[in-house]
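Work through the exercises below with the sequence and the model at hand. Each task is followed by a solution in steps.

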Amino acid sequence: METSSAKIDIVQNLKQVKTLMLDALKKAERGGQDVTLVAVSKFHDASRIRPVLEAGHRTFGENRVQEAQEKWPDLRADFPDVQLHLIGPLQTNKVKQAVATFDVIESVDREKLARALAREFEASGRALPVFLQINTGEEPQKAGVMPLEADDFIQLCRNDLGLNVQGLMCIPPAAEEPALHFALLSKIAARNGLKCLSMGMSGDFATALELGATHVRVGTAIFGQR
Ligand SMILES: *Cc1c(COP(=O)(O)O)cnc(C)c1O
């Protein structure tokens, strides 16, 4: 059981993040623009998620298919208009479950996955919006398409596979200035006519919003440490 004070903290954190988002948008002269806060609830159980739903928030991010399958059906029963984003790596053998569980796939990071998703969207009749993950820091251990291969990958996903590509997503290297990575992602999206940019987490969402983020993925600043 969560104590009620923890619930109050979470709801206050949510308000605080929204206020900081509005400040950053104003500073960037993007006041009035619609930006989506993806509340990242990975590793937090339903008792911590429920207060955020009760406060009216509906867009959440999870990074594991199985965890989402365990937590979200009950929450969805009570809050049917939830929008659940997959933000973590997806194995092709979990594509079917992922498409049934999520509403947006933000982590399309390789051709094999893009093809498997295209097949499942066709088979299930549930064609989800997707984001393509770009490895802006060219880190070998990190998922995502290299910046130099991004244009071809976008073209493949959009034109050849017919995916509903909404935009791009990145996770900058932990030790680098995130602004450089956000600017690079924005540039790649712009030259490909993509409108959405999923970038910015608890530590850098204000910077991301100043550089054009349309979606920020914030976990710790709302739910506390995992
Ligand atoms: C966990 C996670 C986040 C949220 O990170 P915080 O620093 O807790 O806000 C955002 N994006 C991805 C892809 C994640 O895995």
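Rings of Phe, Tyr and Trp, the last taken by its six-membered ring, form an aromatic pair if their centres lie within 6.5 Å. The model used here is predicted.

**Exercise 1.** Find the aromatic pair in the whole structure and classify its geometry.

Solution.
- Step 1. Searching the whole structure gives one aromatic pair.
- Step 2. The partners are phenylalanine 60 and tryptophan 72, with 5.0 Å from centre to centre and 50° between the planes.
- Step 3. Planes under 30 degrees apart count as stacked and over 60 as edge-to-face, so the rest are tilted. The pair of phenylalanine 60 and tryptophan 72 is tilted.
- Step 4. Phenylalanine 60 belongs to strand S2 (residues 59-62) and tryptophan 72 to helix H3 (residues 65-78), and the two are twelve residues apart. The pair thus links distant parts of the chain.
- Step 5. Phenylalanine 60 and tryptophan 72 are both buried.

**Exercise 2.** Describe how helices H2 and H3 are placed relative to each other.

Solution.
- Step 1. Two packed helices are described by the angle between their axes and the distance between the axes.
- Step 2. The axis of helix H2 (residues 46-54) comes within 11 Å of that of H3, and the axes cross at roughly 30°.
- Step 3. Angles under 35 degrees count as roughly parallel, so H2 and H3 are roughly parallel to each other.
- Step 4. The crossing of H2 past H3 is right-handed.
- Step 5. On the H2 side, the contact is made by Ala46, Ile49, Arg50 and Leu53. On the H3 side, Lys71, Trp72, Asp74, Leu75 and Asp78 take part.

**Exercise 3.** Is glutamate 67 buried or exposed, and which residues does glutamate 67 touch?

Solution.
- Step 1. Glutamate 67 is located in helix H3.
- Step 2. Its relative accessibility is 13%. Buried means under 20%, so glutamate 67 counts as buried.
- Step 3. Leaving out residues up to four places away in sequence, glutamate 67 touches Ser41, Lys42, Phe43, His44 and Glu62.

**Exercise 4.** How many disulfides does a search of the whole structure find?

Solution.
- Step 1. A disulfide needs two cysteine sulfur atoms within 2.5 Å.
- Step 2. For cysteine 170, the nearest cysteine sulfur is that of cysteine 196, 14 Å away, and cysteine 170 is in no disulfide.
- Step 3. Cysteine 196 is likewise in no disulfide.
- Step 4. The search therefore ends with zero disulfides.
- Step 5. Cysteine 170 is buried, at a relative accessible area of 0%. Cysteine 196 is also buried, at 15%.

Terms used
Residues are numbered from 1 along each chain as its sequence is written. This is a predicted model: local features need pLDDT of at least 70, side-chain atom pairs count only at pLDDT 80 or more; totals for chains, interfaces and linings use all residues. Side-chain values use heavy atoms; hydrogens and water are left out. Helices (H or I, at least four residues) and strands (E, at least two) are DSSP runs, numbered from the N terminus. Buried means under 20% relative accessible area, exposed over 50%, partly exposed in between (1.4 Å probe, protein chains only). Contact means heavy atoms within 4.5 Å. Axes are lines fitted to C-alpha atoms, for helices over the stretch in contact, and angles run from 0 to 180 degrees between N-to-C directions. Angles under 35 degrees count as roughly parallel, over 145 as roughly antiparallel, 65 to 115 as roughly perpendicular and the rest as oblique. A crossing is left-handed if the near helix is turned anticlockwise from the far one by less than a right angle, and right-handed if clockwise.
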